[in-house]
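Here is a short briefing on one protein model. Please look over the sequence and the structure first, then read the points below.

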Amino acid sequence: MRKPLTELPAYDRLRAHRGELEGVHMRTLFASDPERFEHFSCALDDLLFDYSKNRLVGHTIELLVELAEQAHLSAAIDAMFAGKHLNLTEGRAVLHVALRNRSEQPAYVDGRDVMPDVRRVLGQMRALTDAIGAGTWLGATGERITDVVNLGIGGSHLGPEMAVRALRPYAREVPRVHFVSNVDGADLVETLRPLRPQQTLFLVASKTFTTLETLTNARSARRWLLDGLALSGQGGAEAVSRHFVAITANVDEAVRFGVAAEHALELWDWVGGRYSLWSAVGTSIACAVGMDAFEELLTGAHDIDEHFRTAPLGQNIPVLMGLIGLWYHTFWGAESYAVLPYDQSLERLPAHLQQLDMESNGKRVRRGGEPLDGPLGAYGTGPIVWGAPGTNGQHAFFQLLHQGTRLIPCDFLAPAESERPLGDHHEKLLASCLAQTEALMRGRTREEVDAALTAEGLSPERVEALAPHRVFPGDRPTNTLLFRRLTPRTLGRLVALYEHKVFVQGVLWDINSFDQWGVELGKALTSDLLPELRAERGPGAHDGSTLGQLAYLAAAAASRPRPR
């Protein structure tokens with residue numbers, strides 16, 4: 001068993017080093033090193049990672065790399081690519097990298113090369129999405145499919161929806177792709193309202209084909225379809241098979257639902273939900289942008305996989321992202337970080353990264369089961385992830401970033417070129433992005449504020465009253481990721497960077513980043529409560545609050561007018 005993080009030799013050295021940097025402002029770091037940008041940035045083709053606006057020096061990176069080496073990070077990376085069972089609580093490999101393996105190299109799980117299966121499913125996806133795009137996939141009434149609705153939740157929804165929105169400039173005119181995830185009926189009803197059953201295809205993405213939210217939506221969608229087709233004199237099992245595709249590891253259950261066996265695309269247990277957009281779960285992406293663009297997305301992720309697997313730790317972008325994030329979370333007490341894409345197309349990236357990071361690393365025990373707040377040394381895991389596109393965030397929560405009392409590291413992402421140029425909009429967007437990172441780093445001193453207010457002609461008394469409100473402490477850390485354009489390949493690179501960043505931090509914290517038992521308790525209690533809400537049985541042994549809420553809902557149901 002590996003030593004806990006707090007017992008690694010580099011840990012104490014990093015704690016002491018953090019104290020050495022406590023009072024050193026980033027202004028001083030830039031003033032003392034004119035080549036700081038060159039020393040603390042790296043590139044992969046047209047992707048630039050600038051981490052110079054952070055509370056660190058060269059020795060910081062050396063110590064963080066030492067910590068990674070003592071935590072056996074390189075061995076963990078090799079183990080993942082080798083298909084080892086890193087998800088130990090479920091006895092599964094963690095091999096989403098095989099889904100985007102663009103080389104001729106095999107990828108083994110339990111001694112078996114899975115690449116033939118991966119390529120087979122990619123071929124099925126191409127045949128399906130080509131047929132839909134060409135108009136040769138016909139519904140039960142002989143009409144072409146114009147709308148595709150993805151029914152999924154969690155990783156079967158957030159990643160694909162994020163990618164479809166991000167790649168809208170590459171979208172085909174037909175089909176239009178929609179997403180439904182929430183079990184709240186409003187989500188499905190409002191999505192289906194403008195659609196025609198005769199021209200709608202549903203993708204049901206559920207590994208088990210038993211997910212409560214997804215299957216509830218799928219059954220209601222099937223009813224909507226059959227009711228609509230009945231008006232056209234169509235219906236029955238054959239109709240369902242022309243309008244439903246399953247993405248699942250449970251083909252038998254999908255067939256019982258009415259999906260034709262040849263329309264069931266396979267998932268494997270070594271693909272975690274939040275890493276599944278690269279699999280058949282990405283069929284909605286391929287429907288939207290075509291299979292060639294989807295494979296470019298895979299190629300971009302593979303670029304990062306190869307970089308992550310082969311680059312030295314101190315020059316490895318996702319490793320550096322992970323180590324810098326750990327530096328703030330573990331040694332500076334930062335409880336969250338913000339993801340701020342200066343590209344409206346990436347509006348759903350923060351939501352996808354919330355699941356990727358918080359579901360992966362929101363854990364309270366080490367891999368061996370020891371509590372993280374126990375005698376082996378306490379440290380936190382799983383930072384809170386949040387964010388919004390710039391410049392919207394500047395007029396919402398940036399006030400907190402600049403003058404609040406919390407340390408919140410930020411990631412800024414921006415393309416050098418816009419996919420949808422309009423006048424000077426993009427130049428103003430980029431200027432805003434660069435200005436924010438500079439302002440967060442530099443801040444504004446009292447002396448600077450006094451001088452500016454005096455230059456405005458204010459009296460000394462007014463200057464004294466206003467100045468405290470206009471001082472910015474600065475020294476707020478940021479990373480910046482710049483890239484030429486947001487192409488499918490670039491998007492694949494960005495998402496893979498964050499996947500590997502999360503992996504790095506999980507290894508150093510010595511937690512299992514690939515299970516999600518915290519999700520399961522709520523599912524179990526939901527199953528217990530459903531029959532009580534339906535009045536199929538009396539209230540069970542719940543706490544007083546839950547019993548009170550059940551009584552309120554029962555009274556509300558009893559007071560509703562009965563249908564005539």
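Is Arg165 buried, partly exposed or exposed? Arg165 is partly exposed, with a relative accessible area of 28%. The model is a predicted one. Its largest nonpolar core has 123 residues, and the salt bridges number 38.

**Nonpolar cores**

- Nonpolar side chains tend to be buried together in soluble globular proteins.
- In the largest core, of 123 residues, the most contacts inside belong to Leu67, Leu73, Trp270, Leu491, Phe503 and Leu508.
- Helix H21 (residues 488–509) gives the most to this core, contributing 12 residues.
- A second core is separate and has 23 residues, among them Val149, Leu225, Leu229 and Phe257.
- Leu508 touches Arg2, Leu5, Leu67, Ala68, Ala71, Leu73, Leu323 and Leu326, with residues up to four places away in sequence not counted.

**Helices H5 and H14**

- Helix H5 spans residues 73–81, and its buried residues are Leu73, Ala76, Ile77, Ala79, Met80 and Phe81.
- These buried residues of H5 pack against H4, helix H6 (96–99), H14, helix H15 (317–331) and H21.
- Gly83 follows H5 and has a positive phi, near 80 degrees.
- Helix H14 (residues 291–310) has 20 residues, which at 1.5 Å a residue should span 28 Å. The end C-alpha atoms of H14 are 28 Å apart, which agrees.
- In H14, 14 of the 20 residues are buried, so the helix is largely enclosed by the rest of the structure.

**Salt bridges**

- Side chains of opposite charge can pair when their charged atoms come close.
- Arg165 and Glu347 form a salt bridge, with the closest N and O atoms 3.6 Å apart.
- Arg165 lies in helix H8 (residues 158–166), while Glu347 is in the loop between strand E10 (336–341) and helix H16 (349–361), so this pair ties together parts 182 residues apart in sequence.
- Glu347 counts as partly exposed, at 24% relative accessibility.
- One network, joined by salt bridges that share partners, holds Asp45, Asp46, Asp303, Arg489 and Arg493.
- Arg13 and Glu66 also meet through their side chains in a salt bridge, at 2.7 Å from N to O.
- Arg13 belongs to helix H1 (residues 9–21) and Glu66 to helix H4 (residues 58–70), so the pair ties together parts that are 53 residues apart in sequence.
- Arg13 is partly exposed at 42% relative accessibility. Glu66 is partly exposed at 24%.
- Glu22 and Arg18 form a salt bridge in which the closest N and O atoms are 1.8 Å apart.
- Glu22 is partly exposed, with a relative accessible area of 45%. Arg18 is buried, at 19%, because buried means under 20% relative accessible area.

**A buried strand residue**

- Thr248 sits in strand E8 (residues 244–248).
- Thr248 is buried, with a relative accessible area of 0%.
- Neighbours within four places in sequence aside, Thr248 is in contact with Ser206, Lys207, Thr208, Phe209, Ala254, Leu265, Glu266 and Leu267.

**Partly exposed sites and a surface patch**

- Phe30 is in helix H2 (residues 26–32). Its relative accessible area is 25%, partly exposed.
- Setting aside neighbours within four places in sequence, Phe30 is in contact with Arg36, Ser52, Lys53 and Met441.
- Phe30 and Glu335 are 305 residues apart in sequence, and their C-alpha atoms are 26 Å apart in space.
- Gln516 lies in the loop between H21 and H22. At 22% relative accessibility, Gln516 counts as partly exposed.
- Gln516 touches Glu90, Arg274 and Glu359, not counting residues up to four places away in sequence.
- Gln516 and Thr89 are 427 residues apart along the chain, yet their C-alpha atoms are separated by 9.8 Å.
- Leu533, Tyr552 and Leu553 form a nonpolar surface patch, with about 350 Å² of accessible area together.

Conventions: Residues numbered from 1 in each chain as written. Predicted model: local features only at pLDDT ≥ 70, side-chain atom pairs only at ≥ 80, totals over all residues. Heavy atoms only, no water. Core = buried A, V, L, I, M, F, W, Y, C linked by side-chain atoms within 4.5 Å. Buried < 20%, exposed > 50% of the residue type's maximum accessible area, 1.4 Å probe, protein only. Helix = DSSP H or I, 4+ residues; strand = E, 2+ residues; numbered from the N terminus. Contact = heavy atoms within 4.5 Å. Salt bridge = Lys/Arg side-chain N within 4 Å of Asp/Glu carboxyl O. Patch = residues over 30% accessible without salt bridge, like charges linked within 9 Å, V, L, I, M, F, W, Y side chains within 5 Å. Areas by Shrake-Rupley, 256 points an atom, 1.4 Å probe, with all protein chains shown as cover. Expected span 1.5 Å × (residues − 1).
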